[in-house]
Amino acid sequence: MNELHRSGCPINLTLEVLGDRWSLIVIRDIMFGNRRHFRELLQNSVEGIASNILADRLRRLVDKGLLTKEDDPSHKQKSVYSLTEMSIDLVPLLAQMGAWGRKHMPVSEELAIRAELLENGGAQLWNDFMDELRAKHLGMELPPGTPSVLGRLTEAYLEVIARKKSA
């Protein structure tokens with residue numbers, strides 16, 4: 001076995017890349033929150049990630065091939081982070097984690113609604129979302145008129161927020 005890894009077990013190898021407290025949260029925020037800049041990720045973190053931790057995780061995720069980092073053409077000091085195919089392939093895993101969390105943990109309604117929609121939508125919705133992410137992050141084309149899964153998930157989240165505020 002390669003000395004860089006504890007074992008060749010696929011679960012172990014996955015956890016070596018994604019098993020810390022923040023990596024999947026950063027990917028989640030880019031994927032579901034469409035946050036592509038450092039400041040957006042830092043300021044909109046529900047969990048309150050520290051700037052040094054965020055910088056470290058972004059660097060590690062780029063190094064491991066889960067994200068790419070490019071200069072933002074609109075601002076010299078900004079970078080844009082994009083998902084790679086490797087991170088887009090995590091959609092089913094994140095959907096399953098969301099379903100597990102909804103079943104076993106005390107989730108908040110507004111933060112669980114996207115997980116509920118993904119769980120109910122199943123593999124077809126996950127595949128549609130993955131195609132949308134490929135278009136947004138990898139430049140692939142979607143057929144004209146393709147409905148936005150991210151738009152649907154975001155709309156459901158905002159509806160819950162609005163309903164809770166008016167109650």
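I count Ala, Val, Leu, Ile, Met, Phe, Trp, Tyr, Cys and Pro as nonpolar, Asp, Glu, Lys and Arg as charged, and the others, Gly among them, as polar. This is a predicted model, in which local features need pLDDT of at least 70 and side-chain atom pairs pLDDT 80 or more, while totals for chains, interfaces and linings use all residues. Residues are numbered from 1 along each chain as its sequence is written, and side-chain values use heavy atoms, without hydrogens and water.

Second largest pocket. I took a pocket as an open set of points on a 1 Å grid over the protein atoms alone, where a 1.4 Å probe fits, with protein on both sides within 12 Å along at least five of seven lines, and lining residues as those with an atom within 4 Å of a point. I found that the lining of the second largest pocket divides into three nonpolar, three polar and three charged residues, and that His37, Lys69 and Tyr81 are among them.

Largest pocket. I read a volume of about 940 Å³, the space filled by probe spheres set on grid points joined across faces, edges and corners. Of its 30 lining residues, Arg28, Glu47, Gly98, Leu111 and Ala115 are the closest to the centre; by class I noted 18 nonpolar, six polar and six charged.

Ser45. The side chain of Ser45 has a polar atom 3.0 Å from the backbone nitrogen of Gly48, and reaches the backbone nitrogen of Ile49 at 3.1 Å.

Technical notes:
A polar contact is a pair of N or O atoms within 3.5 Å; within protein, one must be able to donate a hydrogen and the other to accept it, and residues adjacent in sequence count only if both atoms are side-chain atoms.
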